[in-house]
Amino acid sequence: MSHPPFHNAAQAIPLDARARFLRRLAVETLEGGGRGHIGSTLSLMEILRVLYDDVMRFRPEEPAWPDRDRFILSKGHGCIAQYVLLADKGFIPRAALRDFCRQHAILGGHPDANKIPGVEASTGALGHGLPIGVGMALAARLRGQAQRVFVVMGDGETNEGSVWEAAMAAGKHRLSNLVALVDYNKLQSYGPTAEVQDMEPFADKWRAFNFAVAEVNGHDVAALRALLTALPLAEGRPTAVICHTIKGKGLPFAEGRADWHHKSKLSAAEIEAMYDALGGRDHA
Amino acid sequence: MPWEAATMRKAALEMIETLARRDPRVVFLGSDLGAGTLDGLRRDRPDRFFMEGINEANFIGMAAGLAMEGFIPYLNTIAPFFTRRALEQIAVDLCLHNLPVRLIASGGGVVYAPLGATHLAIEDLAVMRALPNMTVVAVSDAAEMRRLMAESLDWPGPLYIRLAKGGDKEVSDAARGFAIGKAIPVRPPAAVQMITTGVMLAQALEAADLLAAQGVACGILHAHTVKPLDEAMVRAAAAPARLVVTLEEHLRNGGLGSAVLECLADDPTRPIPPLLRLGLPDAFPKEYGSQDSMFQTFGLKAAQIAERVRATLPGLP
């Protein structure tokens, strides 16, 4: 395993009450749909929480507010984490979570910008978010607007060549208003990234593409907050933040296990086990 | 006028410059195009001129991001580098979001015959036509390109614009007007009804003259917009015909001929008339040469078209 100090810290850090509450909302979503990408939802949670709680400017009552920061979840399969934050912030009603993947739901297995307030781009096919983010960052510059563009990718997603095409363009255009975050949970669908397609030396790759790079424990809320409220890392360069995370973080039986990447059928017992691990059902 | 003798690509690029000067939403993106491309725009509006590297997946995503923010991106590269290389980006980034991005595809059809199969765009109409929200246009000459480009600015969704070789014979007529999605009746409906797209209009006109000299009257409908096909016009043109002939610089499967067949088949009130679909066979061409020599190989020259029609007529009911 690469980066043992970061990885071990991500493994060790305990979840606070809000982290467990957001995860219970995720389980509510999984329960409603009876399915979902579990591992990524949980590895992403603190990254999205800090972006929505402390970093990004937005207006839930006015999702198209022109001065909002733009957010693209390029690893669209991690959408439950975003749905949870959108419900928590009031973009969508909490009740919508329970309709996940149902026939006429607004929330499907990948986020749909045509349906969901607060979703900028429909993603799911990997490697699309960063190119779109480059275009949005250029648009902000063309208009002289101050908004920033945040693109969250998966580690496996960065196997896609289009990610690196976009990274070249972001470096060329010196897009300091663009922030690429990678959920580096070190597991892709088949198995460890180190075996399926090792991306190391990962930080060096981003540096070589003219990004300013930081690495962080992706479950350490204070560390994420400190880092993401002090962007860009360097003037005249796009930022890459490699977030070391644990796939399935918060569910001891799912952590670091490839077979919890996606479940197309979740049993009642599995749902209860998830609630139990996170402090029990909410009675609201 | 000088531009009318110029190439379709030049007409398209000049129009981008004109549109960009008129409308601040217009931006141009190229992927490592020829030196000097749109230098005027680059000089006068450098912030809206992007010459990107050889990375089509990225530049389509970039265009999507710009369009989501209210810009109207015009892109230019060689046709297959859009339609083959970056199909998923076109489908997801542009079509799924229904964004006003214009893909100006150089070397439509067999223009790049001397460069070989990697550079041919012989299935582009089929592939683009299959995508929801995509509009697919192949005009007949540089003058018509200007009319299309003027219309393109406010077209609501993504637009695939197929360019021809350049120096194409001028056969369009401003008096007949131009609207995206509206086929142009070039000659009135007759016993033989030709339906063309792109530069095949020139071959159709010549073939019709050859047939007329032998007493066979031909109607010609110029379906510059392959999608959405002008179904009412196609059905009206086909109704009185003994034989419908579709002409395209494209594989016979999936392009204009298929679109016309689908349109006629979808009208349950009338039988489908006898129909000759002329185009390229389902194969990668094995030869180089020129656009003209490939037309010859695949029977798309006017005299060959006229001969096919003459040979077909006696067997008709």
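The side chains of B:Asp209 and B:Arg187 form a salt bridge, with 2.9 Å from N to O; the term stands for a side-chain nitrogen of Lys or Arg within 4 Å of a carboxyl oxygen of Asp or Glu. This pair ties together distant parts of the chain, since B:Asp209 sits in helix α9 (residues 200-213) of chain B and B:Arg187 in strand β7 (residues 184-187) of chain B, 22 residues apart. Helices (H or I, at least four residues) and strands (E, at least two) are DSSP runs, numbered from the N terminus.

The model is predicted: local features need pLDDT of at least 70, side-chain atom pairs count only at pLDDT 80 or more, and totals for chains, interfaces and linings use all residues. Residues are numbered from 1 along each chain as its sequence is written, chains are lettered from A and ligands numbered from 1 in the order in which they are written, and side-chain values use heavy atoms, with hydrogens and water left out.

**Salt bridges within the chains**

- Over all chains, the structure holds 38 salt bridges.
- In the pair from the opening, B:Asp209 is partly exposed at a relative accessible area of 43%, and B:Arg187 is partly exposed too, at 25%. Here buried means under 20% relative accessible area, exposed over 50%, and partly exposed in between (1.4 Å probe, protein chains only).
- Salt bridges with shared partners bring A:Asp16, A:Arg18, A:Arg49, A:Asp53, A:Asp88 and A:Lys89 into one network.
- A:Glu28 pairs with A:Arg94 in a salt bridge whose closest N and O atoms are 2.7 Å apart. This one also links distant parts of its chain: A:Glu28 belongs to helix α2 (residues 17-33) of chain A, while A:Arg94 lies in the loop between α4 (79-89) and α5 (129-143) of chain A, 66 residues apart.
- B:Arg43 and B:Asp44 meet through their side chains in a salt bridge of 3.4 Å, N to O. B:Arg43 counts as exposed at 60% relative accessibility, and B:Asp44 is partly exposed with a relative accessible area of 33%.

**The two domains of chain B**

- The domain assignment divides chain B into domain 1 (2-162) and domain 2 (181-315); such bounds come from an automatic or database domain assignment.
- The C-alpha centres of domain 1 of chain B and domain 2 of chain B are 26 Å apart.
- Contact (heavy atoms within 4.5 Å) involves 31 residues of domain 1 of chain B and 32 residues of domain 2 of chain B.
- About 2200 Å² is buried between domain 1 of chain B and domain 2 of chain B, with carbon and sulfur atoms giving 62%. Buried area is the accessible area (1.4 Å probe) that two parts lose on being put together, summed over both.
- B:Val110, B:Ile122 and B:Arg129 supply 31% of the area that domain 1 of chain B buries against domain 2 of chain B, more than any other three residues.
- The rule finds one salt bridge across this domain interface. B:Arg129 also forms a salt bridge with B:Glu262, the closest N and O atoms being 3.0 Å apart.
- On the side of domain 1 of chain B that touches domain 2 of chain B, α7 (124-129) and β5 (135-138) of chain B each supply at least two residues.
- By class, that side of domain 1 of chain B has 19 nonpolar, six polar and six charged residues. Ala, Val, Leu, Ile, Met, Phe, Trp, Tyr, Cys and Pro count as nonpolar, Asp, Glu, Lys and Arg as charged, and the others, Gly among them, as polar.

**Where chain B meets chain A**

- 25 residues of chain B are in contact with 26 residues of chain A.
- The area buried between chain B and chain A is about 2000 Å², and carbon and sulfur atoms give 58% of it.
- Two salt bridges are found across the interface of chain B and chain A. B:Glu69 forms a salt bridge with A:Arg70, with the closest N and O atoms 2.5 Å apart.
- β2 (49-52), α4 (56-68) and α6 (87-96) of chain B each supply at least two residues of the side that touches chain A, and α4(B) gives the most, with nine residues.
- That side of chain B divides into eleven nonpolar, seven polar and seven charged residues.
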